[in-house]
Amino acid sequence: MSGGRGFLNRIRVLGTVLVFLFLGSFLQANGVQENRVAQARELIAQRNYNDAILILTTVVKEEPDRQDEAQELIGQIVRLRNQYNSDYETLIDLLYKDKDEAQALIIIAQLEALDKNPNKQVADDIKQAKRSARLISNNKRYRDIMSRALALLERKEYGQAVQVYLEGSDLAKDMFLESGFGNVLTNQVDRAWEDLKSASALLVQAEARLKALPAQGTTLLASEGSSAALDRLLVTIKDLATWRQRVWADGRLFRLQNEFLVKNSRQDDFFLSYSYLFVNGPPEGKTPEGILGAIDRLWADALDPWTAQIRTGVEARYLQAKTALDQGRYAEASAAFEGLRIRTRQGLDVIALWNRLAGFDETGAMDPVFRTKLNQILPLAFWLEQRMILASQGLQASKDLPQGASLIASTIPVRAGLELARAEMKAQKDSFASFASSSVRRELQTQNLSGSGITMLDSAAFFTSWQTTWTGYRALALKQEAEFVDRRGSLDYSLLDGRFSGLQTNLLENQELVEGKVKYPLQATSRLEELRPLQDLLAKDLATFISLYDSEPQEMKTPAVTRWPVRGNELLARLISAQTLQSRLLTAAKANYAQSQLAKKQGQDLVAPVNAAIQAENFTLARSSLNQLSTRFSQSLALQEDQAFRSDSDIQVKTLFDLILKGENEVVVREVRRLITQGSQAYLDQQFQSAEQILLRARSRWATTNAETNSEVEYWLTLANYALSVTTGRELSPIDPLFNEVQQLLNFARRDYTLGQELLSKGQKAAGLELMKAARDVLGKILLPFPLNQEARLLNLEILKASDPENFPALFKQSFDAAVARIATDATTAYNDLQDLDKIQPNYAGMAAAIKLVRKRLNLDREAVDPKVIAQAKALVAQATRTFDGGNLAQLPTAQAQIRQALQLDPTNGEAQALFDKITLRLAPTVVTLTPSQVGELNEILDLLRAQRTLEALSRLTEFKGKYPGVANEARVKEAERRIKAVN
């Protein structure tokens, strides 16, 4: 109203000023110009008051005589101006007070009729007045449209409301067109309105379908239907979102174009402003209005019921799934989480439709209206997203947890299976860790969104609870993973330990080859060299094993897991010890083999000297060299077993020994025959000790080549030994250890005897007998150890005779008779007693006959051989000769036995002696030597003796002699037996 009054005042002032201006001009004019007045009247008639005033002003100035006439015309113009001002004042009242834009327009027409050519200011004011009237009219229409549309919106008649809004498509458009903005802008605006009408028509057509969505959605969501079914159901709502985007874009175009006009120093265009308001609704509206408001209301009506049902259904499914999972009902939990996933997916699909409503300006900024709506829907979207994430996580957990329990309960025999199982558990652990981390992140998101003013549906405690749940499951998965790491460690270690055991068995077998009873250093060398790379590879693998389990994450290092590096190091230490042993054994094997080859060569080098000694008949040297050869071969075989060489060496030694025996046997037979002849003759000559010595030499020489005794040697040696047994002790040998002591005692006894005789001859009987008794006491000391000592016995008889001459003859006879009687039972004692008595009284009656009898009994004197026996012996020799001449070696032992029988019948049979020697030479010598193998076994027996295992050594020696008949008399065997028995 105030704007209208100001406009009226400006008109009044302007009229007055113009009148005075015109008058001034008129007064200054020179002369009267009739034509000017007439011209002014014509202009007034034409309502061209401004030009008329200019002319009349000139008339007043220049034609004083026509001032009245001019003044009258000016007055007429003033009156007309006053009428104009009055009408204009009425116009102002109608516009701003009465709001009667229709009557105002009539007044405006009148004003335009009053002044056909107003000045610019007046013209502008009229124009402004006319605009104001139209604006008031448009505004009334705008309010009417908005009011009617809002009523329809409140009654949920959205399509009709949109149709009402579309009625405003021409509101103030005439003013828009009058502004002359150009075709570009006009065409854009026209296209936007055409699009609005098109989108609105689609909305009206789909309204019924959209209103049916809540019921359809209720059924679908309750059944946890498929996404495809939901997508089909949401086609219309998606179309609605598309239509809204078109409407929003059209409204935005109206706003932007209006802002563009303002920016370019133009005022707001009412048509664009009304168009924008019809799309977006009034800014002061409390509820959504405009076409967008209708769409948003319809959208809310369609989706809000779904939103409520989604939240209720999701919450129920969530609680069911969570409870089942917490209680270990994994199948139920899996089904519930799957249902939860479907419901949350459907919910998010529905909520995601809101994204289709988003509008963005040219700067990328979001539509503030949508942002406000987004703040309302965001908490639910976030809530659903969390439930969907938990659904996936819970579904995974409900599968993983029983699978983990199943894996733990199963027996997995292979490493690949354990690795897969470990990977499964690690994946579970990582999943649960990821789940826990996501709970932390969602908690932070909740806090951040809450801090930005958004009211979230979940509290921080909710996510903390899930973090605890996932952390607990992670701990379980970690424990199970550690169990599989432990099982893998057990399997890995078992394989490594098995490899070590195999290598150790190999090593110990090689140790047996190197250090055992039977040695194979050559074979051991090859195997030991092959063994070392395997040991080194195992050491490398053990280091990898130790590193593998040492490098396990700290949380994986349970006591069960940490024992594997310890056991690995222990096994590695054992392996290092085994490598040390391998090195030592390899060195020893090489050294032993080298020594065995050296000993073998040394033995082979002795073959030639043995053969040379045999050729030279130096059999002692040959035998000594052969023993050395056999020892070297035995040493070689003791260090390197070689069956072929053992067999060859045994054969070679035996062959050489047989050559020695064969050559030496001829010499032995000749020498033994000579010794038998000498020994038998010495016996016959009563030279028993000499006979024994000669015959012992014969026995020893015979044993050089023969294991069996020579019957002739043994026959004569038996006679000599027997004869010596009869005479042994009668005389004491100077080499006897007690010889000097006995001789001293004999001297004491003789001294006492001689002094006693002297005293008896002087008549000092008591003193003489006392000395005689002392002499006998001394002799008793001799006769106790040497009861047959001839000197002591004879001196004792002399003392008896001298002590009691009167009774001695009776004592002598008594002693003689006792000796004769003892010949049948104890010929040896009888012979010694008779010899002693014969020394006292050589010619005693019956003495010679008794001595002759006892000597025959003792075989000291040989009787003539019976001719029949001689003949029998000759017959045996003849038989043996025929056998020998037959040349059948198999029958020679029979012939030899016949000859032995013949010699037993007639030891002096020369033919028998000669044939015996021939047979002996024809037969192979029976003496044995020790082969290298036997030397080795004997050395083992001696090793037992040195180890003080004497009983075992004795047992082994007995077995040895039984195993190899004939070796008992071998010198080395006999020496070993002596040593063993010496300590047993």
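Axes here are lines fitted to C-alpha atoms, for helices over the stretch in contact, and angles between N-to-C directions run from 0 to 180 degrees. With that in hand, helix H31 (residues 867-885) packs against H33 at an angle of about 30 degrees, with the axes 10 Å apart. Please keep in mind that this is a predicted model. The protein has 36 helices and 0 strands, and 45% of its 984 residues count as buried. Among contacts with a separation of 6 or more, 75% join residues 24 or more positions apart.

**Helix packing around H33**

- Two packed helices are described by the angle between their axes and the distance between the axes.
- For H31 and H33 the angle is about 30 degrees, and angles under 35 degrees count as roughly parallel, so H31 is roughly parallel to H33.
- H31 passes H33 in a left-handed crossing.
- On the H31 side, this contact is made by Val877, Ala880, Thr881 and Phe884; H33 brings Glu911, Ala912, Leu915, Lys918, Ile919 and Arg922 to it.
- Helix H22 (residues 643-684) also meets H33 (residues 910-922): their axes come within 10 Å and cross at roughly 160 degrees.
- Angles over 145 degrees count as roughly antiparallel, which makes H22 roughly antiparallel to H33.
- The crossing of H22 and H33 is right-handed.
- Here Asn665, Glu666, Val669 and Arg673 of H22 touch Gln913, Phe916, Asp917, Thr920 and Leu921 of H33.

**Aromatic rings**

- There are 23 aromatic pairs in the structure.
- One of them joins Phe270 and Tyr274, with ring centres 6.4 Å apart and planes at 35 degrees, so the pair is tilted.
- Both residues belong to helix H12 (residues 270-280), where a spacing of 4 residues separates Phe270 and Tyr274 by about one helical turn.
- Phe270 is partly exposed at 25% relative accessibility, whereas Tyr274 is buried with a relative accessible area of 6%.
- Elsewhere, ring pairs link Tyr318, Phe432, Phe435, Phe462, Trp466, Trp470 and Tyr473 into a cluster.

**Charges over rings**

- Trp466, a member of that cluster, has the charged end of Lys322 over its ring, 4.8 Å from the ring centre.
- The charged end of Lys600 likewise sits over the ring of Phe645, 4.4 Å from its centre.

**Backbone points to check by eye**

- Ala172 has a positive phi near 65 degrees, and this residue is not a glycine.
- You will find Ala172 in the loop between helix H7 (158-166) and helix H8 (173-178); Ala172 is buried, with a relative accessible area of 2%.
- Gln948 is not a glycine either, and its phi is positive at about 65 degrees.
- The loop between helix H34 (932-946) and H35 holds Gln948, and this residue is exposed, with a relative accessible area of 69%.

**Ser955 in H35**

- Ser955 lies in helix H35 (residues 950-963) and counts as partly exposed at 37% relative accessibility.
- The C-alpha atoms of Ser955 and Ile941 are separated by 9.2 Å, and the two residues are 14 residues apart along the chain.

Methods. Residues are numbered from 1 along each chain as its sequence is written. This is a predicted model: local features need pLDDT of at least 70, side-chain atom pairs count only at pLDDT 80 or more; totals for chains, interfaces and linings use all residues. Side-chain values use heavy atoms; hydrogens and water are left out. Rings of Phe, Tyr and Trp (its six-membered ring) pair if their centres lie within 6.5 Å; planes under 30 degrees apart count as stacked, over 60 as edge-to-face and the rest as tilted. Helices (H or I, at least four residues) and strands (E, at least two) are DSSP runs, numbered from the N terminus. Buried means under 20% relative accessible area, exposed over 50%, partly exposed in between (1.4 Å probe, protein chains only). A charge sits over a ring if NZ of Lys or CZ of Arg is within 6 Å of the ring centre and within 35 degrees of the ring normal. Angles under 35 degrees count as roughly parallel, over 145 as roughly antiparallel, 65 to 115 as roughly perpendicular and the rest as oblique. A crossing is left-handed if the near helix is turned anticlockwise from the far one by less than a right angle, and right-handed if clockwise. Contact means heavy atoms within 4.5 Å.
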